[in-house]
Amino acid sequence: MALVELRGVSKSFRKGDETITPLDDIDLDIDAGDFVSLMGPSGTGKSTLLNLVSGIDRPDSGTITVDGTEVTKLSRSKLADWRAANLGYIFQTHNLIPVLTAYENVELPTLLLKLSSTQRRQRVELALEAVGLSDRADHYPRQLSGGQEQRVGIARAIVAHPKVVVADEPTGSLDTETSEQVQILLQRLNKELDITLLMVTHDSDAASIASRQLMLDRGKFLERGGDKEMGRQGEREVGVGNAGDSVAIKKFG
Amino acid sequence: MFTYVLKTLWRHRTRTLLTVTGAAVAMFVFCFVGSVQEGLQRLTTGSDADRSLIVFQENRFCPTTSRLPEDYSRKIKEIPGVRDVMPIQVWTNNCRASLDIVVFNGADPQQIQSTRPLTLTAGDWQSFSTQRDAAIVGRNVAQRRGLKTGDQFSIGDISVKVAGVFQSTVPSEENLIYTSLAFLQYTRGLDAAGLVTQHEVLLTDDADPDRVASEIDAKLRAGSVATKTRRKGAFQASTLSDLVDLIGFAHWLGYACVGLVLSLVATTTVMSVQDRIKEYAVLQTIGVRPLRAMRLVLTESTILCLVGGIAGTALAMTALAIGGFAIGAEGATIAFRPSIGLAVTGALVSLAVGIAAGLAPAIQAGTVPIVNALRQA
Ligand SMILES: Nc1ncnc2c1ncn2[C@@H]1O[C@H](COP(=O)(O)OP(=O)(O)OP(=O)(O)O)[C@@H](O)[C@H]1O
Ligand SMILES: [Mg+2]
């Protein structure tokens with residue numbers, strides 16, 4: 001059983017008279033330890049998909065199961081608890097709390113878990129170390145560079161040892177060099193800490209570091225040739241977002 | 001998480017300071033109004049107000065116009081239920097309502113010492129009872145006028161030597177100056193030899209005050225001057241009736257102050273939450289429960305309100321304690337004193353208002369549509 005399972009997930013938005021349905025009967029499996037990148041034209045519903053997986057938004061229909069928990073069934077409050085324990089969210093604009101130091105920002109998620117103060121300190125220090133910012137612990141976000149801020153954001157996302165980390169264009173507002181550093185960091189987190197990652201990006205270089213590359217276009221997933229198991233090149237359609245098509249997404253093989 | 005609230009307040013310290021100051025000023029006024037209400041309350045209730053009677057000339061209101069024979073006290077004493085009668089000559093510098101009223105009560109020094117609930121904080125009874133122009137001064141008057149033992153104090157045609165300063169369990173009494181009866185009767189302009197303004201009647205424990213009052217009036221109807229006898233509390237309330245209306249109205253001012261603090265703190269908190277609505281969306285994305293987000297907002301508003309409210313209350317208590325304020329008219333005064341009850345009320349009101357002020361923004365923060373808030377630039 002996959003770590004993350006989406007089954008028949010649909011989501012539409014109303015804008016006045018118009019209804020936009022970026023996700024229409026989508027299926028997707030992500031295995032534990034996967035590093036999945038998700039690309040696609042603007043407005044196709046990539047962020048929407050991340051928001052559904054992280055439970056900060058709800059699908060109109062379909063189910064999302066993460067590690068056996070059907071998150072689509074949880075109440076808002078239960079979802080918050082679930083996220084605290086199981087999910088890390090890396091924002092494009094890092095969204096650090098400006099009045100808190102790097103250390104305090106990273107500490108936030110641990111305050112929601114039952115941990116001793118020693119365990120808490122250890123985790124925060126390890127997370128800051130993992131992103132190479134131990135020496136910036138006492139700095140406020142405004143005293144950090146964009147890349148450093150993003151790394152604090154990443155430390156905050158992994159500090160609680162979540163099962164899944166989602167990242168929405170984590171390198172979207174960084175220059176090429178900083179962007180590369182962050183990509184390498186994410187790859188290391190995936191390989192060394194075995195964190196399951198789902199990353200949305202517009203940058204094909206960033207996408208290429210992932211172990212599995214998906215394209216989302218007009219409600220369909222396309223698996224790109226980065227698939228290491230298959231070793232094939234080019235794009236192929238792996239799913240069609242049509243209602244009733246229950247096995248729309250599956251890995252080849 | 002508490003750090004987050006404190007640091008947020010500190011980040012916007014100008015706004016925080018302005019709000020806290022506003023809350024402090026409003027709670028200061030609230031406590032002041034409350035203390036006036038309490039003073040009035042004390043004047044009309046309590047054993048001193050309920051268990052003693054004042055015999056005054058019928059249809060007279062200002063102390064200068066009530067002139068009763070001094071020997072009425074002998075007749076009053078014969079009535080069953082009367083324990084003691086103290087003839088009192090009253091002199092005041094101002095018959096109208098005033099914030100700096102000076103009221104002299106002339107009575108027999110021994111009787112004052114034995115019947116009034118006074119303790120001297122300075123000076124001694126001996127020099128008060130032996131010197132003709134000696135006076136003992138209530139500590140409120142002493143504070144207000146800067147009087148101490150040995151001072152000579154003159155006002156109008158009266159000039160007295162301060163023989164002592166007293167405090168009393170009846171706060172309004174601390175606005176009085178006691179002299180001997182004869183001294184006040186022979187003051188130029190009063191021409192009150194053999195006459196007094198009023199008789200204060202102390203009742204036995206089992207006496208019915210209203211029955212005794214009507215018996216007194218009935219008995220003295222045969223005398224040269226008709227009287228009107230009332231409980232001391234009722235007498236003072238009717239003497240101060242204009243002020244009582246005004247003070248009754250002033251309690252609206254107290255409510256207005258509470259409303260002011262509420263709207264002030266609510267405005268600040270709403271602004272603060274709206275400014276940072278995305279932060280609350282981020283916190284909830286991290287896993288902060290909606291209820292916890294609400295608690296954070298409530299903590300913020302409560303801190304603002306409590307800090308301001310307690311500062312204002314403390315200032316008011318200090319001002320009331322050292323100011324010796326009183327308002328009076330026609331020889332009766334209302335003392336404004338600090339009290340534990342008032343301090344506790346001030347703190348509780350601040351707490352309640354703090355929570356109330358945070359409710360709307362707390363709900364806003366707790367129910368924020370996470371995705372929409374995150375999409376905001
Ligand atoms: N809260 C919302 N209300 C209305 N429409 C929305 C809302 N959220 C998303 N949409 C619409 O849904 C579609 C998908 O949006 P989404 O943000 O998921 O796209 P995206 O693939 O992440 O795009 P980008 O690459 O530009 O970030 C868009 O057309 C968007 O306008
Ligand atoms: Mg997006």
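**View 1. Glu223(A) and its contact with Arg212(A).** Glu223(A) counts as buried because its relative accessibility is 2%, where buried means under 20% relative accessible area with a 1.4 Å probe and protein chains only. Glu223(A) belongs to strand E10 (residues 220-223) of chain A, a strand being a DSSP run of E with at least two residues and a helix a run of H or I with at least four, numbered from the N terminus. The model is predicted, so local features need pLDDT of at least 70 and side-chain atom pairs pLDDT 80 or more, while totals for chains, interfaces and linings use all residues. Residues are numbered from 1 along each chain, chains are lettered from A, and side-chain values use heavy atoms, without hydrogens and water.

**View 2. The largest cavity, with a volume of about 100 Å³.** A cavity is a set of points on a 1 Å grid over the protein atoms alone where a 1.4 Å probe fits but cannot get out, and lining residues have an atom within 4 Å of a point. The lining includes Tyr89(A), Arg156(A), Thr285(B) and Ile286(B). Strand E6 (87-90) and helix H5 (146-158) of chain A, together with helix H12 (277-286) of chain B, each give two or more residues to this lining.

**View 3. The second largest cavity, with about 60 Å³ of space.** Among its lining residues are His12(B), Arg15(B), Ser272(B) and Glu300(B).

How values were computed. 1 Å grid on protein atoms, 1.4 Å probe; cavity = no way out; pocket = protein on both sides within 12 Å on 5 of 7 lines; lining within 4 Å. Points joined across faces, edges and corners; volume = space filled by probe spheres on them. Buried < 20%, exposed > 50% of the residue type's maximum accessible area, 1.4 Å probe, protein only. Polar contact = N/O pair within 3.5 Å; in protein donor to acceptor, adjacent residues only side chain to side chain.
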